[in-house]
Amino acid sequence: MRQAGRYLPEYRALKATSSFLEMVRTPELAAEVTLQPLRRFALDAAIIFSDILVIPEALGQGYKFREAGGIAMDYRLESRNQLERLDPAGVQYRLAYVGQALERVKAALKGEQALLGFGGSPWTLGTYMLEGGSADEFERSKAVFYSDRDFFNRLMEKLTAALIEYFLMQIRAGADAIQIFDSWGGIVAGQDYEAASLRWIREIIRALPQGFPVILYAKGTPSQLTDQAFTGASVLGVDWTVDLGVVRRLVPGNVALQGNLDPVLMNTTPEIVRHETNRLLETMRGARGHIFNLGHGIMPQAKIECVEALVQAVTTWR
Ligand code: CP3
């Protein structure tokens, strides 16, 4: 849940006349929302406005937002029949609107900022599909993983195939890098992270053009970072709970790190943001390959003056 725009009045203005899903599915609107933060702030990259759940939807399991917050899938994935009906073939055509949005943004950026495509990891997408939406304890996803590995693997294979086709389409449409969000990687038992999530991510990265930049962000997985570094990902995104300086010493130098300021700081004051940004930059002084970013998505309560202070601190840091 990057939830980019919600702190920006220009996003809320668009949202007043179009729903989130309309904006996602309309290339003009998706491109516009993608570009909004770049008009305000001196950012180095844009991430395409979309959602990870467009993949389950393209396979045949749609979604909407619950009134009370969170995601509701149209149904919960339970039977073999439902599983077999999920169809990864031709996902690139069903999601052509994402490619069209990327092409528009790419042209508007004129090569001055990088453009990120993205998708969810098979495991993270699978949790929404198996739970029927947002979940607290992920009991059903884990039950399927532990009690019916065959069913679980079949679902992961379908998602992996769909994601490979989807990412290749995004690359053709102009994405300079792909970010994979394993937002729920951290809820898996450490010893099972490989079988539940990482092996599918590795398979996806292997299927992309050799050396194409992939940013792997797996929230809440500090003990998996070294294994993640050997998936072929060029960059590891890191959440705010780990000390980035420590991670830099653990992870091989050919893998860059992205992160990891606590997003909640954007709801405080510019003074605090400046101070904490400089502290993080100082921690990484001399370390190669640091992409400054928040450690997770920005919140709707974020203050614009705090984002300004962050960008100012990063771009003037020596
Ligand atoms: O920054 C961006 O806007 C980039 C686009 C983006 C969105 N979602 C737009 C969005 C990206 C990269 C995502 C990823 C995403 N979506 C993830 C993984 C990323 C992460 O941060 O871990 C997940 C788990 C989702 C699924 C999702 N979409 C959730 C759980 C929610 C919140 C639902 C709620 O409770 O309101 C969303 C909504 C969503 N996705 C919004 C945006 C801008 C907010 C829509 C709105 O209310 O305007």
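A charge is said to sit over a ring if NZ of Lys or CZ of Arg is within 6 Å of the ring centre and within 35 degrees of the ring normal. The charged end of arginine 199 meets this condition over the ring of tryptophan 200, 4.0 Å from its centre. Likewise, the charged end of arginine 149 sits over the ring of phenylalanine 145, at 3.7 Å from the ring centre. The model is a predicted one, in which local features need pLDDT of at least 70 and side-chain atom pairs count only at pLDDT 80 or more, while totals for chains, interfaces and linings use all residues. Residues are numbered from 1 along each chain as its sequence is written, and side-chain values use heavy atoms, with hydrogens and water left out.

Aromatic pairs were examined next. Rings of Phe, Tyr and Trp (its six-membered ring) pair if their centres lie within 6.5 Å; planes under 30 degrees apart count as stacked, over 60 as edge-to-face and the rest as tilted. In one of them, the ring centres of phenylalanine 20 and phenylalanine 65 are 5.0 Å apart and the planes stand at 75°, so the pair is edge-to-face. Because phenylalanine 20 belongs to helix α2 (residues 20-25) and phenylalanine 65 to strand β2 (residues 63-65), the pair ties together parts that are 45 residues apart in sequence. Helices (H or I, at least four residues) and strands (E, at least two) are DSSP runs, numbered from the N terminus. Phenylalanine 20 is buried, at a relative accessible area of 12%, whereas phenylalanine 65 is partly exposed at 40%; buried means under 20%, exposed over 50%, and partly exposed in between (1.4 Å probe, protein chains only). Ring pairs also link Tyr11, Phe20, Phe49, Tyr63 and Phe65 into a cluster.

A further pair involves phenylalanine 138 and tryptophan 184, whose ring centres are 5.1 Å apart with planes at 45°, so the pair is tilted. Phenylalanine 138 is buried, at 4% relative accessibility, and lies in the loop between α8 and α9.

The backbone was considered last. Most residues other than glycine have a negative phi, and most peptide bonds are trans. Phenylalanine 138, however, has a positive phi, near 60°. Phi is also positive in lysine 110, near 50°; this lysine 110 lies in the loop between α7 (96-109) and β4 (114-120) and is exposed, with 67% relative accessibility. The peptide bond from glycine 259 to asparagine 260 is cis, with omega near -10°, and asparagine 260 is placed in strand β8 (residues 256-261).
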